[in-house]
Amino acid sequence: MATTAKEIKEFEEKQEWWWVAEKTRSSRLDYLRKAVWKKGALGGNYAPGIEIDLEFPELYTETWQENEGDPIMLRKAKSIGNVLENLPIFITDQSQIVGCVGSAPHNIVSYWQGASMINEEIYNEQGILPQPEEKSLERLAALNEYWGGNTALDELAKVLDPEDAVKFMSGAIGWGTPSSAVGYATKDFRHIGKGFENIIEEIDENMERTDKLLRGNPSPDLLPLYDKLPRWEAMQEVLDAAIEYAARYARLARIIAENFETDPKRKEELLRIAETCERVPAQPPRTLQESIQYDHFVQVVVRYETYEGAMPHRPDYLHGPFFDKDVNINKSITRDDALDLLGEHLIRTYEIGIFSPRWTREGLQGITGTWVWTMGGVNEDGTDACNDCTTAYMQVARLVRIANPTFSFRWHPKVKDELMREIFECIRHGLGYPSLRNDPILVENAMYWHGHPLREARQWVTQSCMSPCPPTKYGCQPFRMASATANCAKIVEYTLHNGYDNVVNMQMGPKTGNAVDFKTYDEFFEAWTKQMKWLLNILVRTVALGRAKDPEFFSRPILSAYYERAVETGTDAVDYTNGERGNAWVTAFTWVENADSLAAVKKLIYDDKKYTMAELIEALKNNWDGKEEMRLDFVNNAPKWGNDDDYVDDIMVQCLKTTAAHGKEIKCVCGNNIPILPENVSGNIHYANVVSALPNGRRLGDALYDGGISPGPGLDKKGPTAVLKSCGKIDHVLDGRAFLLNQRLSPTQLAGEKGYQLWKSYVKSWDDLGMDHVQFNMVDDSTLRAAQKDPEKYQEVIVRVAGYSAHFVDISRKTQDNIIQRTVQGLG
Amino acid sequence: MKCVACGFEGPVDKFRYLYNARIDASMSMRQCPKCNEWNAVDELKDEALEIVNPGDAPWGKSAGIEGISA
Amino acid sequence: MTRKKRSSRRDNKWNQMRDGLTNLSTAKGVEARETVPDIACGKCKNFSESPYASDGRGSCSVVKTGSDFTVDPPLILLEGDTGMMCMFNMDAAKCSHFDLMDIIDTDGNECADPQFRRAQRQMEKAMS
């Protein structure tokens, strides 16, 4: 029975936006949304029915074994080629966009060439083995035994300093794999958009020119050229395989249309799919459907090479001209047709599922990767880049309500009010996205830290959740872990315990002295600075070596074909010598605990002398057990970040400036700076049982604070303006790469036009204070508690975690409680 | 301390510390080693107050203006 | 004559630990991978599971690097500032410091808890 306008109005009034979406989207989007599998982990485990794809690694390994003598990039390209040409494919009913990572809709994939420990983890994982389990275990054991000791990470571990290797892999101090086996890369879409056949031709010309040069004497100048030829061959191999992959979909669509489909409308759609796949990615797109299909093939194909954990691009910028041409100029499709295509683009992206190691799953609960799409912003010349497609993506996001991809909106003063209203509607509907990014600040930031020229900086995309990177010939960064991810709460923890880690039972940081012997706060801070430098240094040098060795140990033929500079020079995209400007950063997880803990130590130990350092350390070693009154004193009677209190805010700024100065000293392999970027995703929960008790009053087991500069949940007691004022004391250009701020707002307060105006003036204050990021949760306690009690009924409730959104029922109970703990700020 | 669900008695540190309800409150959640239920615990008194199931919130609402949303 | 090593960098406790780290999963075939002994490191209070790799590796808070349970009698070192690397399903029958945990949490839907959580499929089976 059709839903009436009155019923929809009732859902709106009750703010049950998921029902509004379901009742107002097209029947196609409704079907596709319900047909797609949920592949993010529910807390740490995959949802029932999700299976690891074993055909993919077997096809890959088979060709890998057959080509032992080939240089690594060529060997890898042939292996990927075998997969793209032989892995089963499918077309979902009613869909218009094709391509999936994996051989079945419920599959997730992994890369056995990456890391033995991940391979063994897959073997040990609960609930993801295809039935019969016994057979799967045999297949997995065979794969693991072939790759065991020979993966990219195994090779790297052999050359790393043993102490660094052990500490890095302890899981206590940082995240990530120092290999592009697990990472993400910016894509050079201007180059990719030429069409794969045109790139193949460019490579042909490069090879021909090089062949001619090699007819001379094999002088030192010429010798390196010999290595370029197999790399170019590898790039061609994968581009050809990608064209063939698309051609397989074209054939399948035609076979279904001509032999099985009885509905004439669907038959026509299938034939359009066939024509589209015959055109792209071989040739540049001409229509909106071709443009989206091209984009999707680019993203899917590269995920047969490696775990690309993010999706840095600007879809509204990329597809906007085709949207405008098809919908507004030629009127070849209606706006509703276009919304179906954009909506399916979101759904097909949501469908991409990659097995993540447990630490990634726990840090990115509910999603399969941070597919944060960058929207809005400016053009190279500084004019407004927002277009009709930007608006359409905002509208369709509210209809399909998926948690991945999410949007990051590049706000700037020229953004029109109509678009701001669309953005606010997304937030009001509880999506948690788009996050707002301050474009002028971040353009300046990209120029300051990495020297990107203005016109390139203006093209920035969010490389992961937060970091702005120009997707240009020399701006593209191929390796997420050109930087690192640091568990920064360990800095203050190690300062207190002379570098010893009581969770992993190891002398981890340097012995900076027994804290009991520090006579002044300045001495304490000096030790903190040494621990901070040690932490950043060990992560950066481990990752830098991983990056330098990556072309030798892992290799990226597809990404290389996607990079103009790699195609031009016959090098691996990850090779740091091919002109890359560098865009490295250290993601600073669990950062704010440092400011609150240092403030508590300064106030209660050194200034007020209420407790001795020995008493504090004893209480922390016992996880505050039996010292509840003292713990509450450290929580309630020491200043806390986010209340516009200079005592603690000055400490925060001092920590950031000290770290920023170090960020100018440590360099990535390209020779560029490494600033920090405080944010957490759900790493604050992953690390809850890894970070010991701290002077801010948390125990081992308690969630860490959720944001990069967000105050501790419930500790920001003076309202949103005080939060903004504290955060505004940070220089968002000079003090770091970007700073994540979560804010929770009341859906009741922000209802209607008045709500929009309140929010808009909040955004103005945020801009006036020169901040670079803010994102909002707008779901009330009662809905979230009800969802905890009865998850089946609230499957579609979405929340902003940190840097990404997730369906509330897909995150662990501790994460849920942590989100509910956040202060609900009243605006105005 | 005595588990509200099964009556198991033992020192508070025998109960697995899970996490706090709010960092600025003395209530936390601990798991009984015998029946595995989650107890809301008053850490000042070392006393188990009630069993906490998903959706329960013995510590009340979130900080800030959550009250107006109810 | 045995040549004297010039660098101690690759011949110390860190090297032993690194080797332990990369060679921990030595089980071959299905049966060896599936076996969780009655007295296994993963069931002991002193085992701290690595939050980095959920293949079930971890370290001991009592027994230190350089210890060896495979020799007879077992070599157990209690001095040092790095714990012995071990796997959740390593046989600890010969370890005099084995101390059975009261709570072993195999719920993989929650997050890392080096002290209490063992989310491996084999542990889930062994504890059920």
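How many bridges join strand 3 of chain B to strand 4 of chain B? There are 4, and the two strands run antiparallel. Please keep in mind throughout that this is a predicted model.

The 4 strands make an open sheet, arranged 1-2-3-4 with antiparallel pairing. Strand 1 (16-20) and strand 4 (47-51) of chain B are the edge strands; each has a single partner strand, so one side of each has no neighbour in the sheet. From one strand to the next, the twist averages 40 degrees.Strand 3 of chain B covers residues 38-42. Within its pairing with strand 4, Val41(B) has Ala48(B) as its bridge partner.

The C-alpha trace of chain B spans about 40 × 20 × 15 Å along its principal axes. Chain B has 70 residues, and 39% of them count as buried. If you look at contacts in chain B between residues at least 6 apart in sequence, 36% join residues at least 24 apart.

## Where chain A meets chain B

Next comes the contact between chain A and chain B, which involves 37 residues of chain A and 24 residues of chain B. On the chain A side, at least two residues each come from helix 28 (628-636), helix 33 (781-789), helix 34 (813-821) and strand 20 (824-825). Helix 33 of chain A gives the most, with 6 residues. By class, the side of chain A that touches chain B holds 9 nonpolar, 15 polar and 13 charged residues.

## Where chain A meets chain C

Chain A also touches chain C, with 41 residues from chain A and 39 residues from chain C taking part. Seven stretches of chain A give two or more residues each to this side: helix 6 (116-124), helix 7 (133-147), helix 8 (152-159), helix 9 (162-168), helix 17 (358-363), strand 13 (506-507) and helix 30 (683-686). Helix 6 of chain A gives the most, with 6 residues. The side of chain A that touches chain C divides into 18 nonpolar, 13 polar and 10 charged residues.

Strand 7 has parallel pairings with two strands of chain A. With strand 6 (residues 372-376) of chain A, the pairing runs over 5 bridges, and Gly376(A) has Arg410(A) as its bridge partner in strand 7. With strand 8 (residues 435-438) of chain A, the pairing runs over 4 bridges, and the bridge partner of Trp411(A) in strand 8 is Asn438(A).

Each pairing also belongs to a right-handed β-α-β unit. One is made by strand 6, helix 18 (residues 388-400) and strand 7 of chain A. The other is made by strand 7, helix 19 (residues 417-428) and strand 8 of chain A.

In soluble globular proteins, nonpolar side chains tend to be buried together. Here, the largest nonpolar core has 308 residues, and those with the most contacts inside it are Val238(A), Ala242(A), Ala486(A) and Val586(A). Helix 23 (residues 521-553) of chain A contributes the largest share of this core, 13 residues.

Ala242(A) shows what some of those surroundings look like. Not counting residues up to four places away in sequence, Ala242(A) touches Leu84(A), Phe196(A), Pro281(A), Phe297(A) and Val301(A).

## A closer look at Gly174(A)

Leaving aside neighbours within four places in sequence, Gly174(A) is in contact with Phe168(A), Ala484(A), Thr485(A), Ala486(A), Asn487(A) and Leu539(A). One of these, Ala486(A), is also among the residues with the most contacts inside the largest nonpolar core. As for Pro551(A), it lies 377 residues from Gly174(A) along the chain, and the C-alpha atoms of the two are separated by 23 Å.

Notes: Residues numbered from 1 in each chain as written. Chains lettered and ligands numbered in written order. Predicted model: local features only at pLDDT ≥ 70, side-chain atom pairs only at ≥ 80, totals over all residues. Contact = placed C-beta atoms within 7 Å. Nonpolar A, V, L, I, M, F, W, Y, C, P; charged D, E, K, R; others polar. Pairing = 2+ DSSP bridges. Axes fitted to C-alpha atoms, helices over the stretch in contact; angles between N-to-C directions. Buried ≥ 20, exposed ≤ 12 C-beta atoms within 10 Å, placed from the backbone. Core = buried A, V, L, I, M, F, W, Y, C linked by C-beta atoms within 7 Å. Right-handed = clockwise from strand over helix to strand, strands pointing away.
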